[in-house]
Amino acid sequence: MRRLIQFFLASIHNGFTRFATLGVVFFAIWNPCLRLSQGTLQAQEPLTLSTVDFVRDVRPIFENHCYGCHGKDKQKSGFRLDIKSRALHGGDNYGPLIDPSTPGKSPILDWVSNPNPSERMPPNDSGYPALSTDQVEKLKAWIQAGAPWPDGIDTTELPDPKNHWSFKPLNKEHSTLSIDDLVAEKLKRSGLDFSPMATAIQWLRRISFDLHGLPPDPELAKWFSSHHDQPNAYERVVDELLASPRYAERWAQHWLDVVRYADTHGFEVNTERPHAWHYRDYVIQALDNDLPFKEFIRQQIAGDGLGQDTATGFLITASVLLPGQIGADEPSKRLARQDAIDEIVVNIGQSFLGLSIGCARCHDHKFDPITQEDYYAMQAFVAGVEYEDRIVDTPWANEQKTLQELIDKELHAIDQQLRKYEPVARPQSAPADVPNSIENIVRFDPKPARFVKLEIWDANLHPTLGLIEPCIDELEVWTLGNDAKNVALANYGTKATASGSRESQIHKLQHIHDGITGNSSSWMSDQSGRGWVLLELSNVETISKIVWGRDRLGQFNDRTATAYRIQIGTDPNQLEDIQKVLPQRPVVQPTMNLERITPTKTNSLRFTILETSNLEPCIDELEIFNAIGENVALAKHGTKVTSTGDSVSPNRHELRLINDGLYGNSHSWMSDTIGKGSLTFEFANQQHIESIVWGRDREGTYQDRLAIRYRIETLDSNGTWRIVADDSDRSVYPTDPATPKPHTLSNVAAYRLSDVESKAVKELENRRKELQAKRRTSQENQKAFAGKFRTPDPIHLLHRGDPEQPRQSIAPAIPSFFGSIQLDPSASDKQRRLAIADWIASDTNPLTPRVIANRIWQGHFGIGLVETSNDFGLNGTPPTNPELLDWLAVRLIESNWSLKSLHRLIVLSRTYRQVAQSNQAGNSTDADARLLWRYPRRRLEAESLRDSILFVSGQLSLTMYGRGFDLYQQESETLFSAPLIVPMRVKARAYDAPRRLRFKR
């Protein structure tokens, strides 16, 4: 009996529960206290926590009902039941399906016992029968017992990722061998040998296309054909080709394909990225300088902190939705943001590590040791990156900055001159009488006159055309008395002259006094918004009334004079004003508004906003100019500013930004009161003020929050505030969006100017427009599509990858399988990116050198030693020659990560110099030449084919750098007269290469 008890205890210790059950039976027989009913051993006993057995009772259920969908060959919803660790972990969409802590809530029980056949597992259409009541009870009892699953009994074993070839340290055992030694060893094992060597010219053509993408230079070919048998002739050719910028252009194209570079954003609209070329140029320069590849990695991820601003264009080379393509609702914005960060993580994983990290966005990776938590920890490294342009610190950008500063100086001088011609503000002006487009009658005391002049200074706007030429259908001059007559008529001998006429069948100068009213018999000026007409009567007449209209029939109301004066007299050089309607100043604009005032001495100026277009008022800069054109409002002159209240957004909306000399919404002041606010400027010394310039956003991005009613006051010597300018003499701001806004730059500034002055103003305005266009260009040229960086977003693990189902917060970390790095969870965006870059570029990271060595090999042989160049994980293909791959990776590190040195080793090897001809022995053993018994035949890419044709015909431009040439755009303008949308990959591969096309026509 003692032995029986010992056997029972040992069986429990070893996990053999089936023997333990027998032990219970024998123990009961020995112990008379345990009463077993008659026939117990023959009948099925009720399931209890102590009788359930995984191997006997549970696994057969899984095998017969579940393994078909959740076993070795198939794992629906990421759930697997044939391996303990996977079964207890759960699937993609739910947590653990077997929960011993709360047996009654284990989802697997609900699924197998669901009374609804459409929701029960296994499904009716799976071909597997539903579980019986007895089987469900067995599962329930097993779970209630704690779901005991002995170790070591699973019939299937998962491969240990630590044994995967790409995750192991680099093999340095073959350091004394060469490329050819390692290839020859593989060939020998297969009974193969190297093919004969290619001829010198064959090799030269091959290497020229490989390194330059072009045929050999004729002079180099001529020299090599007669010197190839000399020592170091081959080495000399390789060194010359690698030293040429053509090498950098060619291999930059390979790298740009890897990182999915394009000059457009992709997706349906495929909008242009006008500043993306900076990253392309960086890649070319880096390869040309043979920048160590590990530094190349660091700069592309964190170049903004390493003196290489444009290198970070790598982070945002992938497609991305633009704001207009994203829904206005917050869930759509969150999803778009997740998609954008995902593209960055995918790019980093594939390009440098050869891992499909993005596969873990919604669930743990199906093949590689990367969990969903690992994926979001990688996101946290780049959570502060935005897909945007930014001003960069490069020689090109700095040159453009200097140019912009010169332009700003000239613009300042022009503005100072133009301010002298602007009309002086007329504060507290009474509302002007709006002229009637049908008929306007001007009555006055009788006066003798022979000359009558109507001078137009401004006109109303056409609904679609804006400011156009004014029109008068009839100008009448009436005498006094009961027998009054219109002496302006041509049949009384009156002559008409004008500043200029735009004539047609219905618009002619003689129509202005032919006695016929209406648009079809009228005069039209030849100048937008201005012009004059002079009537010379046949005799001096006593007149008391002048009548004019744009269209007496009331069909048209555009082209109506809104600012004008009427003069009469007997001498054309000494005319008297009878009526004068001064032009209103332009309507306030979001960009810039000029207030020319009567020169005033003051110590303080106050700008009070009475009404805005909407929301709290915002002003990016308020400038106050003295008599010598100096902006005395600037803080650097000691001017202090106070306000009635501020809405503060640090470094974006602050009171101190109102006079910092910088323009734009990101350097502005905002009031804390809707529609109102006040700013007071106190000067260090008394100033002689002549003008004020202000705007809501001088960069023109924002148009809201615009002050449309305001007053400007100065403090006099008695301490009284006096109004020097307001909105009363400006055109009324249209509140209806459909109403066209009055023009900003028109003839308004030039009214009552002499012809010489008007010409000077026009020349200044034209030069100003020209400089502004150049300034915009120089300002744009300082930008690169290289990402904007900010405080990182908080990152959470997203259930099923859904931004609307956030779980726990995740800190930046490398995939746990690879170890860990030291990084404070509160680290800044720049610190995070540099940390991940340093880990990727570490000499101890075996993936990085293997991946780039394989890419270089692929560029020379058409296929890598690892065929899946973007996937070195468990689902990728193993290398055909792992020893050679590691040898190349080790050599790369030992040569300070020099890519040129790796190219040199490869192209000078006998393996590379073989002929490409086939033979029967090789074809029968290795038809694809993966063992490299011959040089693999390769197709010439479209880019090289195109460039070769242009090269031999003398039409290939070798101009480097700068914005790319859009061939499709040029063709579309010629053939279709409209832009042709080009698919991103087609455009990126075929037409974004750094070389330019030059066509002779």
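A residue is called buried when its relative accessible area is under 20%, exposed when that area is over 50%, and partly exposed in between (1.4 Å probe, protein chains only). The structure is a predicted model, in which local features need pLDDT of at least 70 and side-chain atom pairs count only at pLDDT 80 or more, while totals for chains, interfaces and linings use all residues. Residues are numbered from 1 along each chain as its sequence is written, and side-chain values use heavy atoms, with hydrogens and water left out.

The protein chain has 1001 residues, of which 49% are buried. Its secondary structure consists of 27 helices and 26 strands, taken as DSSP runs (H or I, at least four residues, for helices; E, at least two, for strands) and numbered from the N terminus. Where contacts (heavy atoms within 4.5 Å) join residues at least 6 apart in sequence, 74% of them connect residues at least 24 apart. The chain exposes about 48,300 Å², with 51% supplied by carbon and sulfur atoms; accessible areas follow the Shrake-Rupley method with a 1.4 Å probe.

The backbone deserves attention next. Most residues other than glycine have a negative phi, and most peptide bonds are trans. The bond from Met121 to Pro122 is cis, with omega near -5°, and Pro122 belongs to the loop between helix H6 (107-113) and helix H7 (133-144). Arg559, not a glycine, has a positive phi of about 60°; this residue is in the loop between strand S10 (531-549) and strand S11 (561-569) and is buried at a relative accessible area of 14%. Trp897 also has a positive phi, near 60°, in the loop between helix H21 (882-894) and helix H22 (899-907), and its relative accessible area is 1%.

Rings of Phe, Tyr and Trp (its six-membered ring) pair if their centres lie within 6.5 Å; planes under 30 degrees apart are stacked, over 60 edge-to-face, and the rest tilted. The whole structure holds 34 aromatic pairs. Phe607 and Tyr710 are stacked because their ring centres are 5.6 Å apart and their planes lie at 10°. This pair links strand S13 (residues 593-612), which holds Phe607, to strand S19 (residues 707-715), which holds Tyr710, across 103 residues. Both Phe607 and Tyr710 are buried.

Charges also sit over rings, a term requiring NZ of Lys or CZ of Arg within 6 Å of the ring centre and within 35 degrees of the ring normal. Lys545 lies over the face of Trp478, 5.3 Å from the ring centre, and the charged end of Arg833 sits over the ring of Phe789 at 3.8 Å from its centre.
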